[in-house]
Each structure stands twice: as structure tokens, then as C-alpha cells.
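Student: I would like to go through this protein with you, one contact at a time. Can we start now?

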Amino acid sequence: MASSTIAIEKTVPNIICGVEVISDSARRLAVTSPTTGETLAEVPMSTAAELDQAVAAAAKAQVGWGATPLKDRVQVLFKMKTLLEANVDRLAELVTAENGKTIPESMGSILRAIECVEFACSLPQIASGSVLEVSRGVECKEHKYPLGVVAGITPFNFPLMVPLWMVPTAIGMGNAFVLKPSEQTPLSAIELAKIMKEAGLPDGVFSVVNGDREIVEAICDHPTIRAVAFVGSTKVAKLVYGRGTASGKRVRALGGAKNHLIVVPDADPEMTASNVVASATGCAGQRCMAASVLLAVGDVDHILDLVREKMAALVPGRDIGGVISQAAVERISGYVARTAENGGKVILDGREAACEGPEGGYYVGASIMEVNGPDHEAACEEIFGPTLTILRVKTLDEALDIENANPYGNASAIYTSSGLVAQTFSRRASAGMLGVNIGVPVPREPFPFGGWNDSSFGSGDLTGPPAIEFWSKTKKITTKWTAGASSNWMS
Ligand code: NAD
């Protein structure tokens, strides 16, 4: 696990009007590296007054930015894409240092983020509005306008990628954006701000205000902020959705997940096992798209044996990165320790895995638990670690009933070689993102990202074409020009 070659300031600044500003707040948290346990920096919890300053600067900058032609605005995004590509190694090191992912995982997350920038580069082609002659001499024209100042609140698990789900389309559409990154991983956002400045983004169009609950609530209540995108746990997504919409904002809030993968007997054993293991343990299981429950339909023991073999071979600190904190290690280990309560059994105990990471890092090995019913805590709560809970069922119907009854709805997948089984699953599964023989079914741009049920609050999805609608408002202009217009201009 490499440490970052990016110089990390001891105190994480805010970015207000394009300038690094250290918050006056005495309330500060340590940013620790999950790979080593070392303190990387301290991050002040900004005050509502500091948010006000950022929003005021953003509102001022937005006037000129919003009036800049779309084709000119996206030139900044083209440059930003080039700069992100040029800096991908350094940025991956930084994401690994503050989040704990392995370097290839951090690299992968940045490449996916760049796809979101590419999508926004195409805005002149897909968001230029429309015009139609609706009656003789009468034209209707629809044109998209920015909302003004908008905000994003992001989680710890993808410190660069999740902000880039939001920022490119939001600023491409002419808004000024205020980001409140996770207080656990605030460093990547500062590098992002530097890159955007270097790309030529006018000062104030992108701001960063660090903090925790107080700033999130101030964002929700702020009268100048017109829209908020949130990504994080379901508990906070609900709070942000309720509070933000109560103050008249558009809110799109993505929440937590408990993803079910269904394995049927005709699934290809090797491909299925590799794919399930990658889904459950990639990014140390700290992904909202991670496999969490494996619904084993009928006799699939030959596949479960392979899953166990592959998971047992994973070494924390080498194949599995660190989890975000020591508290997370204890939370994940707690689920494994309590498995036997309510009749479950531990098939693979990650707490016993030998670790190759540095001494103080927050590592935990991969665990497999088998439980008797969907109400077992390991089968219904979001664990957010490298674990897999197996639940045996007799039929596909039973599997789908369990998947449908779980309150979340981010992702689900099936492993089968039957088109009919895949089609039945696709029609009946109750989740926004489905995979057939693929365990992390993230839709690639331009297909939008977003779940259902308790994984999502507000309408539409967060990326792709729905993001254009979310970050803009439309003006509909009806124009009549007739041959006698000069003498008939009031009719
Ligand atoms: P979190 O909900 O604890 O934090 C997310 C953001 O909310 C952070 O910026 C944090 O400062 C803020 N926050 C935390 N508690 C708050 C409170 N009480 N009031 C107001 N604001 C608060 O989430 P996390 O632990 O950073 O991230 C992990 C969670 O995010 C998991 O549940 C995961 O499934 C989810 N997630 C979902 C998606 C998705 O697309 N659905 C993507 C990534 C992560």
C-alpha cells in the first residue's frame, strides 16, 4: 500500500472563491489513513457563517458562469478530463491514503469518474434544448437554464468518484457548486479543486466547505442553494431529503444498500465464484454496489465451495485494502462474532486472516456467514465490509420474494446460463441496477446511476441524462411570426 506523493497540508482548507481558506473553527477531526493508521491531517468542522461566505462567492461567480455559452463552459471540462488523466497515478495514491482502497481500486474509481466528465463534455450535443414549429408561424422553443448555486454532500467510500458523479454536469449546466466532502476523506476534494482551477474554471464556481452534521444542515436550510445531491447512508439520506425539500430545494439523495445475488444451479461455477467474490470483497466491501447476501437456489454447493476457496485466499493488506476506521473493523467483526446467535454459522472467519498490511492499518479479512432466514442481522443490515451472507432457498420464486422484501433496492444480480431465468429475474427484482452474470452492475455512462426503495430518495437518477434535468430548469418560449406581424404585433 503506497502513501501519497501529493503534499498533504496539515490542516485541510476550505476552498472559497478559488482560494484556500483555513476555517476558524476550533472543532477539528483527525484524518487518518486506513492503510497505516497514521494521522494525515486535521480537518476543521466549518461553521454556518463560513458556508455563507462560500455560497455568497458562489452566487457572485455563477452570474458570469451561467451566462457563458455552454460550448465555452465545456471547454473547461475537456481540460479537466485531460488533467485528471495526467494526474491519475498521484490521485490514486491520495485516494488510497485517505480511504484505504488498493491502488488498482483507487485507479479504477478515478477512471470511472473521468467517464462522468466525458459525459458532461457532450452536453452541447445533448442538452442544447429544442425548437419546433407547432402551428403555422408559431414556434415553441425549450431552453435549459442553470438553477444557480447548488450543493453536493458525499460519503467516505469514493472520495473522488462520487463528487464527480455530480460536479461535471452541475457546472456544465451553468451552476456554481459547493461540495461538502466526508469529514473522514476530505483530501481528494481539495486536489479536485486545484485541478478545476488549473483547467480554467472561474474562481467561486467550485467551492469546498468541510464539516459534518452542522454544515449538512446549514446546506439544507440555506436559502440561496437551489438543489442538493446527497450520497451516503439511508439514515442521513432521509434526513437530508426531508430537510432540504422542506426548505423548497430539489434533493436527490442516494442511500445505503443490501444487495442480493442469486445463484442458480446452471450458473457457470468458475465465473460465478470469481465474480461473487470480487463483488463482495472489492474495495473491502465498502461499496453501495457490493454483494452482501448470496441467495443459493437448490444445490449449488459446488459453487459455494469455490467461493469459499477464493475468499479464503485473499490476504488483507495485499488483496483487500483497509476499511475506513478501527470502529469499522470492530463493527464488521461484531457481525461475524454474533453470527451464531439466531442459528447462523461462520463458514470463513476474516478475523483470523493473516494480514500483510502495515501494523496500525485498519484491516479485516473476508468472512462468509450462513444464516437460516432473511431476518438474521447478517442478512438484513448493511455491514459495509468484506463479508458475504449465504441464505439457502429452494426455488427462484423464494429467492425473488426475499430480494423483493428487503427494504433497500440499490442493486441485485443473478448468475445463470438460462435466458428465461435471467429474464424472470430482470422483470421481478426490486432494485434500480441489475446484473446478469455480473456482480457490480454499475451502469456505465451514459446510462444513469441510481437505486430504488430505501436506497434512493427523490425522483430520477444521479448521473447520465437525468442529471441534466436535475441540475437545470427549462424555459418554454412560444413565438409567433406572421407575414403581417408588423401591423398585428399585439394579437
Ligand atoms: P454517512 O451517511 O455517514 O455520511 C455521508 C455524508 O453525510 C457525509 O458527508 C457526512 O458528513 C454526512 N453526515 C453523517 N451523519 C450526518 C448526520 N447525522 N446529519 C447530517 N449529515 C451527516 O455515509 P458514509 O459512512 O460516509 O458512507 C457510507 C454509506 O454511503 C453506506 O451506507 C453506503 O451504502 C452509502 N453509499 C451509497 C451510495 C449510493 O449510490 N447509493 C454510494 C456510495 C455510498
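Student: Is Glu-377 buried or exposed?

Tutor: The cut-offs decide this: buried is under 20% relative accessible area, exposed is over 50%, and partly exposed lies in between (1.4 Å probe, protein chains only). Glu-377 has a relative accessible area of 19%. Therefore Glu-377 is buried.

Tutor: A note on sources. This is a predicted model, where local features need pLDDT of at least 70, side-chain atom pairs count only at pLDDT 80 or more, and totals for chains, interfaces and linings use all residues. Residues are numbered from 1 along each chain as its sequence is written, and side-chain values use heavy atoms, with hydrogens and water left out.

Student: Which residue forms a salt bridge with Glu-377?

Tutor: A salt bridge puts a side-chain nitrogen of Lys or Arg within 4 Å of a carboxyl oxygen of Asp or Glu. Here the closest N and O atoms are 2.8 Å apart. The partner is Arg-338.

Student: How many residues apart are Arg-338 and Glu-377?

Tutor: Helices (H or I, at least four residues) and strands (E, at least two) are DSSP runs, numbered from the N terminus. Arg-338 is in the loop between helix H12 (326-337) and strand S14 (345-348), while Glu-377 is in helix H13 (residues 377-380). The pair links distant parts of the chain, and the separation is 39 residues.

Student: Which strands are linked by the salt bridge of Glu-370 with Arg-392?

Tutor: The closest N and O atoms of Glu-370 and Arg-392 are 2.8 Å apart. Glu-370 is buried at 13%, and Arg-392 is partly exposed at 39%. The two residues sit 22 apart in the chain, in strand S15 (residues 367-371) and strand S16 (residues 387-393).

Student: Where do Arg-213 and Glu-217 lie?

Tutor: They form a salt bridge, with the closest N and O atoms 2.9 Å apart. Arg-213 is exposed at 63%, whereas Glu-217 is partly exposed at 24%. They are four residues apart, about one turn, and both lie in helix H8 (residues 213-221).

Student: How many salt bridges are there between domain 1 and domain 2?

Tutor: The bounds come from an automatic or database domain assignment. It gives domain 1 (14-256 + 450-476) and domain 2 (259-407 + 411-436). The whole structure has 25 salt bridges. Between these two domains, the count is zero.

Student: What area is buried between domain 1 and domain 2?

Tutor: Buried area is the accessible area (1.4 Å probe) that two parts lose on being put together, summed over both. Contact means heavy atoms within 4.5 Å, and 23 residues of domain 1 are in contact with 25 residues of domain 2. Carbon and sulfur atoms give 56% of the buried area, which is about 1800 Å².

Student: Which peptide bond is cis, with omega near 10°?

Tutor: Look at the loop between strand S18 (433-436) and strand S19 (456-457), where Pro-446 lies. The cis bond runs from Glu-445 to Pro-446.

Student: What is the relative accessible area of Ala-284?

Tutor: Ala-284 is in the loop between helix H10 (269-281) and strand S13 (291-297). Its phi is near 55°, a positive value in a residue other than glycine. Ala-284 is buried, and the relative accessible area is 1%.
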